[in-house]
Amino acid sequence: MHELSIAREIIAIVQDEMNNLNLTKIEAVNIRLGALTGINADALSFGFEASVVDTNLDGAELIIEEVPIRGKCRSCGKDFEVAEFMFLCSHCSSTDLDVITGEELDIDHLVGS
Amino acid sequence: MDKKIPIKKKILNKNDELAADIRRLLNAKKIVALNLVSSPGSGKTSLLEKTLAAMNDKLNMALMAGDVQTENDARRLMQAGGRIVRPIVTGGACHLDANMVTKALDEMDLDGVEVLFIENVGNLVCPSSFDLGEDMKVVLISTTEGDDKPLKYPSMFRRSSAMIVNKTDLLEYSDFDIERVKKNAWSINVDLKILELSCRTGEGLEAWYAWLVDMVKRKKQRG
């Protein structure tokens with residue numbers, strides 16, 4: 001259940017930003033979550049909901065944009081979605097590829113005032 | 001009025017910055033750092049016990065043993081001859097993070113150390129997210145587990161640089177297919193180095209020791 005640690009990191013970062021930007025109310029925290037991170041979106045939402053209670057983020061919603069894994073083939077140069085974690089070019093079957101998305105674990109933006 | 005406020009921050013930024021500091025420190029001291037990950041019971045502690053027994057006079061090794069509770073693993077490593085051993089009791093946390101490793105390193109004398117083993121908490125999910133400043137993650141799997149584990153835990157096998165298949169002495173008693181586990185692992189990570197061994201019989205351990213010695217040599221030659 002490392003999602004709870006991740007949820008707490010998100011809250012700490014948002015609280016820093018609230019201080020820096022003089023925000024008092026956060027409606028939503030929008031994050032991007034790559035499929036390669038091994039972090040479960042439902043467990044993260046649950047951990048976030050449980051952790052914001054009685055903080056200045058109470059009531060804030062965690063909105064998760066799940067980012068699929070995409071690869072770019074080093075042999076044929078095309079890019080493609082890596083389905084089912086099969087790291088194989090869907091055009092030419094090469095295994096020589098760069099992962100271009102899927103590692104995201106970022107806060108993108110806040111909605112608040 | 002509510003407004004959209006762009007942030008663009010990495011959620012694990014704090015951990016990643018600490019990990020980068022650890023990596024700088026270990027690189028400056030030319031210490032090879034391996035983060036050992038596996039399910040509980042795959043043989044991380046046994047592998048380190050064997051390695052200490054065989055290599056203590058050839059390699060200067062330091063060890064960290066992470067456990068949710070008890071210092072049993074650290075005690076085993078000291079009994080096996082470990083000179084520099086730090087237990088890390090996470091008190092419930094399912095993984096080590098860079099902050100725990102930083103604190104443990106502060107209390108270790110690293111002068112002359114050539115290899116640092118970080119034995120993570122037995123868990124194939126959570127430790128994959130936390131960079132500890134290691135040179136590489138080494139994932140262990142044993143032949144009493146399913147040979148589809150790489151497919152079930154792709155994140156960990158993708159982020160590891162080597163896979164050790166332990167308990168090869170039990171192959172004849174299980175349905176574990178060594179060729180299938182390799183195929184599964186390479187479908188996730190084509191660059192994965194694979195070693196097969198048995199801590200119990202000693203089969204395959206020489207190749208593991210030789211690989212360690214080679215990594216130490218290469219790290220010393222670098223820069």
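1. What percentage of the 223 residues of chain B count as buried? The figure is 46%, where buried means 20 or more other C-beta atoms within 10 Å of the residue's own, exposed means 12 or fewer, partly exposed is in between, and C-beta atoms are placed from the backbone. Before going on, note that this is a predicted model, in which local features need pLDDT of at least 70 and side-chain atom pairs count only at pLDDT 80 or more, while totals for chains, interfaces and linings use all residues. Residues are numbered from 1 along each chain as its sequence is written, and chains are lettered from A and ligands numbered from 1 in the order in which they are written.

2. Overall form of chain B. With 223 residues, a compact globule would have a radius of gyration near 17 Å, and the 18 Å of chain B agrees with that; the radius is taken over C-alpha atoms, and the globule rule is 2.2 Å times the number of residues to the power 0.38. Along the principal axes, the C-alpha atoms of chain B fill a box of roughly 70 × 40 × 40 Å. Of the contacts in chain B between residues at least 6 apart in sequence, 76% join residues at least 24 apart; a contact here is two residues whose C-beta atoms, placed from the backbone, lie within 7 Å.

3. The sheet of chain B. The secondary structure of chain B comes to eight helices and eight strands, taken as DSSP runs numbered from the N terminus (helices H or I, at least four residues; strands E, at least two). Seven strands form an open sheet with parallel pairing, in the order S4-S3-S5-S2-S6-S7-S8 of chain B; strands pair if DSSP finds at least two bridges between them. Strand S4 (84-89) and S8 of chain B stand at the edges with a single partner strand each, so one side of each has no neighbour in the sheet. Neighbouring strands are turned by 20° against each other on average, direction ignored.

4. Details within that sheet. Strand S3 (residues 61-67) of chain B pairs with S4(B) in the parallel sense over six bridges, and Ala62(B) has Ile84(B) as its bridge partner in S4(B). Helix H2 (residues 44-55) of chain B lies across S2, S3, S5, S6 and S7 of chain B and runs at about 155° to S5(B); axes are lines fitted to C-alpha atoms, for helices over the stretch in contact, and angles run from 0 to 180 degrees between N-to-C directions.

5. Lys193(B) lies in strand S8 (residues 193-196) of chain B. Leaving out residues up to four places away in sequence, Lys193(B) touches Ser161(B) and Ala162(B).

6. Four strands form an open sheet in the order S2(A)-S1(A)-S6(A)-S1(B), with mixed pairing. S2 of chain A and S1 of chain B stand at its edges, and the twist averages 20° from one strand to the next. Ile107(A) stands opposite Lys9(B), and Val111(A) stands opposite Lys4(B). H1(A) packs on the sheet, touching S1 and S6 of chain A together with S1 of chain B.

7. The chain A side of the contact. Which strand supplies the largest share of the side of chain A that touches chain B? The contact takes 27 residues from chain A and 27 from chain B, and S6(A) gives the largest share of the chain A side, with eight residues. By class, that side has 15 nonpolar, seven polar and five charged residues (Ala, Val, Leu, Ile, Met, Phe, Trp, Tyr, Cys and Pro are nonpolar; Asp, Glu, Lys and Arg are charged; the others, Gly among them, are polar).

8. Inside chain A. Strand S1 (residues 26-34) and strand S2 (residues 61-67) of chain A pair in the parallel sense over seven bridges. Gly34(A) is in strand S1 of chain A and is buried, because 21 other C-beta atoms lie within 10 Å. Beyond its sequence neighbours up to four places away, Gly34(A) touches residues including Val67(A) and Leu105(A).
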